[in-house]
Amino acid sequence: MKYLKINGNKEISGEISISGAKNAALPLIAATILSKNELVIDNLPDVVDINTFLKLIDMLGGSFEKDSSKSATAVKINTANINNTTATYDIVKTMRASILVLGPLLSRFGKCEVSLPGGCAIGQRPVDLHLKAMEQMGAVIEINHGYIKATAPNGLKGAKIVFDKVTVGGTENAVMAASMAKGTTTIVNAAKEPEIVQLCEIIRDAGVSVEGIGTSKIIIEGTNGKLLDMQNFSVIPDRIEAGTYMCAAAICNKKLKINNIMPQHLEAVVSKLEEMNFEVLQDETSITILPTTEIKPVNIITSEYPGFPTDMQAQFMALATQANGTSTIDERLFENRFMHVSELARMGAEIHLNGNIASIKGNAKLFGADVMATDLRASSALVLAALVADGETNIHRIYHLDRGYEDLEGKLTKIGVDVKRFTE
Ligand code: UD1
């Protein structure tokens, strides 16, 4: 297994370029199952989760290849020959997002089998809302031997889907399923994340009528079984990767410019950094964090977009250890998303947990230690803490980081961090 060794207390400076958004790319690759033609997706991040999803497309009978004639990050995908509608356990267990093939496979083929994703480090994460949405569109769902078996012999039918809870993946599956269904689907209490906006736009650009994009009510007129005329596109920048490097600047209290982003996707994160007394400069495609004379404590409540993202909570917890006072983080989306607390404590952080609320004591003198990555974003909190820790930090199980951060060491090295990867 690989681990990262970070030598802390180093100056950082310069600029970082942000990759394409993993969480946007995953449903977009799934949506290619609905495409009648081959297409090129540009700005695909080279991270393990994306490569796993491409492998899943390959296992279903589709094909993909790098398209270096276009760019280093472009991949050509062809799903015309998909002849297998089963997403097996060995692939789903490595990546929950595999559930995103449910909607498009069912919509195109009238049947599919997808292994149940099961729990994960950050909580139970059920898929009941995905299944209910498919049932409302006429699918029959059975759970057998750990597999979701879904059938709709006469195709899916448009329906009114009212989500009990705002769900990103559930909304994505419903949008994709509705695109080829017969009739109109209205999704109420839909998620509004930028990743869903891009998915809806790509489907609209493929000739489907999609109204209410970016609102909590999306209305889709399905094609009644006709494959979509999907066009080439480029994935939006990764707002969570960008937010993570913004926190790197803040925790080191140094100037850093984050390039190739859409600042409008980062309003909640910028606003919390401003509350912490950082000056944040913005233009159309970049954000610059400037150092401050005093890092102020902050109170954060995670919520759906456009609120503060749960995927940025761990990074702000690391940052809060350096504030002048006590901060609080109230995690409202996932029930077990504080795995990083005990690891940050090993580095000298004082964090008190009361249910879903963490109180983080500021002015902590962090020191290097051996720590364990537990999930993707928790791992990035450990990297941030290591940047200001006294001495060396070894972060083990970094495969979590590799799932979602492209060229992490390269980008950190470029801004002056002493970081190396080793094999245990
Ligand atoms: C996506 C993101 C993840 C982010 C999360 C919340 C991807 C690949 N992942 O995950 O990084 O942390 O949104 O912003 O885009 N729920 C149910 N039943 C369901 C579905 C969800 O109860 O059928 C619950 C979940 O347990 C959770 C909440 O709804 O408490 C939100 O989950 P959801 O928005 O679905 O998250 P994901 O799509 O899995």
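The model described here is predicted. Serine 327 belongs to strand E19, which covers residues 327–330. A polar atom of the serine 327 side chain lies 3.0 Å from the backbone nitrogen of valine 298. Beyond its neighbours within four places in sequence, serine 327 is in contact with Pro297, Val298, Asn299, Ala320, Ala358, Ser359 and Ile360.

One of these contacts, Ser359, is the bridge partner of histidine 352 in E21. Strand E20 (residues 351–354) and strand E21 (residues 357–360) run antiparallel and are joined by four bridges. Two residues lie between the strands of this hairpin, and glycine 355 takes a positive phi near 60 degrees there.

An open sheet is formed by four strands in the order E22-E23-E1-E24, with mixed pairing. Its edge strands, each pairing on one side only, are strand E22 (370–372) and strand E24 (418–423). From one strand to the next the twist averages 25 degrees. Six bridges pair strand E1 (residues 2–7) with E24 in the antiparallel sense. Opposite asparagine 7 stands aspartate 418 in E24.

Helix H9 (residues 267–275) has Ala268, Val269, Val270, Lys272 and Leu273 buried. The cover over the buried residues of H9 includes helix H8 (239–252), strand E16 (279–282), strand E17 (287–290), strand E18 (299–301) and helix H10 (313–320).

Several loops carry backbone features of note. The loop between E18 and H10 holds proline 306, and the peptide bond from tyrosine 305 to proline 306 is cis, with omega near 10 degrees. Asparagine 224, in the loop between strand E13 (217–221) and strand E14 (233–234), has a positive phi near 60 degrees although this residue is not a glycine. Arginine 397 is likewise not a glycine and has a positive phi of about 60 degrees. The loop that holds arginine 397 lies between strand E23 (392–396) and helix H13 (399–402). Arginine 397 counts as partly exposed because its relative accessibility is 35%, which falls between the limits of 20% and 50%.

The ligand has 19 residues around it, of which Asp128, Leu129, Thr167, Asp311 and Leu333 come nearest. Helix H1 (22–31), helix H5 (128–136) and helix H6 (168–179) each supply at least two residues of the shell. With three residues, H5 gives the most to the shell around the ligand.

| Residue | Protein atom | Distance to a ligand oxygen atom |
|---|---|---|
| Leucine 129 | polar backbone atom | 2.7 Å |
| Threonine 167 | N or O atom in the side chain | 2.7 Å |
| Valine 168 | polar backbone atom | 2.7 Å |

On its own the ligand has 750 Å² of accessible area, and the protein covers 87% of that.

Note on methods
Residues numbered from 1 in each chain as written. Predicted model: local features only at pLDDT ≥ 70, side-chain atom pairs only at ≥ 80, totals over all residues. Heavy atoms only, no water. Polar contact = N/O pair within 3.5 Å; in protein donor to acceptor, adjacent residues only side chain to side chain. Contact = heavy atoms within 4.5 Å. Pairing = 2+ DSSP bridges. Axes fitted to C-alpha atoms, helices over the stretch in contact; angles between N-to-C directions. Buried < 20%, exposed > 50% of the residue type's maximum accessible area, 1.4 Å probe, protein only. Near = heavy atom within 4 Å. Areas by Shrake-Rupley, 256 points an atom, 1.4 Å probe, with all protein chains shown as cover.
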